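I opened the model and kept notes as I went.

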Amino acid sequence: MGTKAESEDQTKVAVETAEKVMQKTGVRVKYLVGTMIEIPRAALMADQLAEVAQFFSFGTNDLTQMTFGFSRDDAGKFLPYYLSKKILLAEPFQTLDQEGVGQLVDMGIRRGRSARPDLKVGICGEHSGDPKSVEFCHKVNMNYVSCSPYRVPIARLAAAQAAVR
């Protein structure tokens, strides 16, 4: 989501749908409505989005692609060269680019929490299973990481090590 109006519109859809399902089933559940932060504009407008969203999940795969302007489909053709020549120090779709993409993430968290101090914030995608990226998540005060099941042990260990440091 890139605008507050879009967030308001989709939150309304989510709440109406949840209410219909809970009425139909007779089962009430507590839930939060939030948004993925996957485009640079969303990170820039995070304070406005947090007026509506109860949580942010940073989709760093897409945020990386849009921030670098790399197509993930094409990146495999030139990233090995970039890595061998030290143009990039790490594969940006595996280890979060803390200097560039991380700056957007950090700013998005700070801006979001300026509007909603209790905003829940996390990360999802390939980066959430990378120890260096998980350490960054701890540093910028994220609440959670979401990753595929086979990455959970790595993410948990990295989170524990970051907390100890």
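Which residues of the largest nonpolar core touch the most other members? I looked this up first.

Ground rules. I am working on a predicted model, so I take local features only at pLDDT of at least 70 and side-chain atom pairs only at pLDDT 80 or more, while totals for chains, interfaces and linings use all residues. Residues are numbered from 1 along each chain as its sequence is written, and side-chain values use heavy atoms, with hydrogens and water left out.

Entry: core. Of its 23 residues, I find Ile37, Phe56, Phe58, Val105, Ile109 and Met142 touching the most other members. I take a nonpolar core as a set of buried Ala, Val, Leu, Ile, Met, Phe, Trp, Tyr and Cys residues joined through side-chain atoms within 4.5 Å. Buried means under 20% relative accessible area, exposed over 50%, partly exposed in between (1.4 Å probe, protein chains only). At least two residues of this core come from each of α2 (40-44), α3, β2 (55-59), α6 (101-115), β3 (120-124) and α7 (131-139). The most come from α6, which gives five. Helices (H or I, at least four residues) and strands (E, at least two) are DSSP runs, numbered from the N terminus. Apart from this core lies another, of five residues, including Phe70 and Leu88.

Entry: Ile37. I listed its contacts (heavy atoms within 4.5 Å). Leaving out residues up to four places away in sequence, Ile37 touches Ala42, Ala43, Leu49, Phe56, Ser57, Phe58, Gly59 and Leu63.

Entry: rings. I pair rings of Phe, Tyr and Trp (its six-membered ring) if their centres lie within 6.5 Å; planes under 30 degrees apart count as stacked, over 60 as edge-to-face and the rest as tilted. By this rule I get five aromatic pairs. Phe56 and Phe58 have ring centres 6.3 Å apart and planes at 85°, so I log the pair as edge-to-face. Phe56 is buried at 0% relative accessibility. Phe58 is buried too, with a relative accessible area of 0%. One aromatic cluster is made of Phe68, Phe70, Phe78 and Tyr82.

Entry: α1. I checked which residues are buried and found Ser7, Thr11, Ala18 and Met22. They cover an arc of only 35° around the axis (from the directions of the C-beta atoms), which puts them on the same side of α1. On the other side, Ala5, Lys12, Lys20, Gln23 and Lys24 are exposed. What covers the buried residues of α1 includes α3 (46-49). Just after α1, Gly26 takes a positive phi of about 75°.
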